[in-house]
Amino acid sequence: MELHILLPFKIFLKISGVRRIVVDTNAGSYGFLPHRLDCVAALVPGILIYETEDGQEHYVAVDEGMLTKRDAYVGISVRNAIAGASLGKLRDAVEREFIYLDEKERDVRKAVAKLETEFIQGIKKLRQS
C-alpha cells in the first residue's frame with residue numbers, strides 16, 4: 001500500500017510498500033490490509049502503526065483527523081503528528097499534546113462554534129423573511 005499522512009501545512013509522511021496499518025477510530029482500533037474494502041474513517045488521537053515490507057513496525061502519534069482508503073492508497077489527514085520516538089515517548093506525547101488541549105484552544109473552538117451557530121440562524125431568518 002501507499003501511505004500518505006497529511007498535516008494542514010505540509011506532507012508529514014509519504015511511503016510506499018506498506019503491508020498493514022492499524023489506527024484508532026471513534027469506533028475502536030482498525031487494521032488495514034492491501035485488499036480491504038475502500039472506506040473512510042474518523043480518527044481519534046492515538047498511535048498509528050504501520051508495517052513495511054521488510055517487516056519493521058513504525059509508530060506515529062496522530063491527532064484527530066480522517067482516513068480514506070481507496071485501492072492501495074491510504075490517505076490520512078490529521079491536525080498534528082509526531083514520529084521518530086519510542087513507543088512510550090509517543091504515548092506521552094499523545095496525552096500531553098493531543099488529548100489535553102490547552103484552555104485557549106478550547107475557548108477558540110467554543111467561540112467558532114458559537115459564530116457558526118449564529119451565522120446559520122441568521123441565514124434561516126433571512127430565508128423566512
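Predicted model: local features only at pLDDT ≥ 70, side-chain atom pairs only at ≥ 80, totals over all residues.
**Entry 1. Core**

I started with the largest nonpolar core, which has 20 residues. Within this core I looked for the members that touch the most other members, and found L3, I21, L48 and I76. I then noted which strands contribute. At least two core residues come from each of β1 (2-6), β3 (18-25), β5 (39-43), β6 (46-52), β7 (57-62) and β9 (73-78).

I looked up L48 next. L48 sits in strand β6. Leaving out residues up to four places away in sequence, I listed the contacts of L48 as L3, I5, I21, V22, V23, H58, Y59, V60, V62 and I76.

For I21 I made a list with the same exclusion of residues up to four places away in sequence. I21 touches M1, L3, Y30, G31, F32, L48, I49, Y50 and V74.

**Entry 2. Strand pairing**

β3 runs antiparallel to strand β4 (residues 28-32), and 5 bridges join them. The two strands form a hairpin with 2 residues between them. Across this pair, V23 stands opposite Y30 in β4.

β6 and β7 are also paired in the antiparallel sense, over 6 bridges. In that pair I found G46 opposite V62 in β7. The hairpin of β6 and β7 has 4 residues between the strands, and G55 there takes a positive phi near 90°.

β7 has a further antiparallel partner in strand β10 (residues 81-83), over 3 bridges. Here A61 stands opposite I82 in β10.

As a reminder to myself, side chains in a regular strand alternate between the two faces of the sheet.

**Entry 3. A backbone angle**

I noted D71, which has a positive phi of about 55° although it is not a glycine. D71 is placed in the loop between β8 (65-70) and β9.

**Entry 4. Salt bridges**

How many salt bridges does a search of the whole structure find? The search returned 6. I followed up some of them individually.

The side chains of R20 and E51 meet in a salt bridge at 2.7 Å, N to O. This pair links distant parts of the chain, with R20 in strand β3 and E51 in strand β6, 31 residues apart. I checked the exposure of both partners. R20 counts as partly exposed because its relative accessible area is 24%, and this value lies between the 20% and 50% cut-offs. E51 is buried, with a relative accessible area of 13%. I also found that R19, R20, E51 and E57 are linked in a network of salt bridges.

R79 forms a salt bridge with D63, and their closest N and O atoms are 3.5 Å apart. The pair links distant parts of the chain: R79 is in the loop between β9 and β10, D63 is in the loop between β7 and β8, and they are 16 residues apart. R79 is partly exposed at 31% relative accessibility, whereas D63 is buried at 4%.

E64 forms a salt bridge with R109, with the closest N and O atoms 3.7 Å apart. E64 lies in the loop between β7 and β8 and R109 lies in helix α2 (residues 103-128), so the pair ties together parts that are 45 residues apart in sequence. Both partners are partly exposed: E64 has a relative accessible area of 33%, and R109 has a relative accessibility of 32%.

**Entry 5. Surface patch**

Last, I looked for nonpolar surface. F119, I120 and I123 make a nonpolar surface patch of about 300 Å². I120 is found in helix α2. I asked how I120 counts by accessibility. I120 is partly exposed, because its relative accessibility is 48% and exposed would need over 50%.

Note on methods
Residues numbered from 1 in each chain as written. Heavy atoms only, no water. Core = buried A, V, L, I, M, F, W, Y, C linked by side-chain atoms within 4.5 Å. Buried < 20%, exposed > 50% of the residue type's maximum accessible area, 1.4 Å probe, protein only. Contact = heavy atoms within 4.5 Å. Pairing = 2+ DSSP bridges. Salt bridge = Lys/Arg side-chain N within 4 Å of Asp/Glu carboxyl O. Patch = residues over 30% accessible without salt bridge, like charges linked within 9 Å, V, L, I, M, F, W, Y side chains within 5 Å. Areas by Shrake-Rupley, 256 points an atom, 1.4 Å probe, with all protein chains shown as cover.
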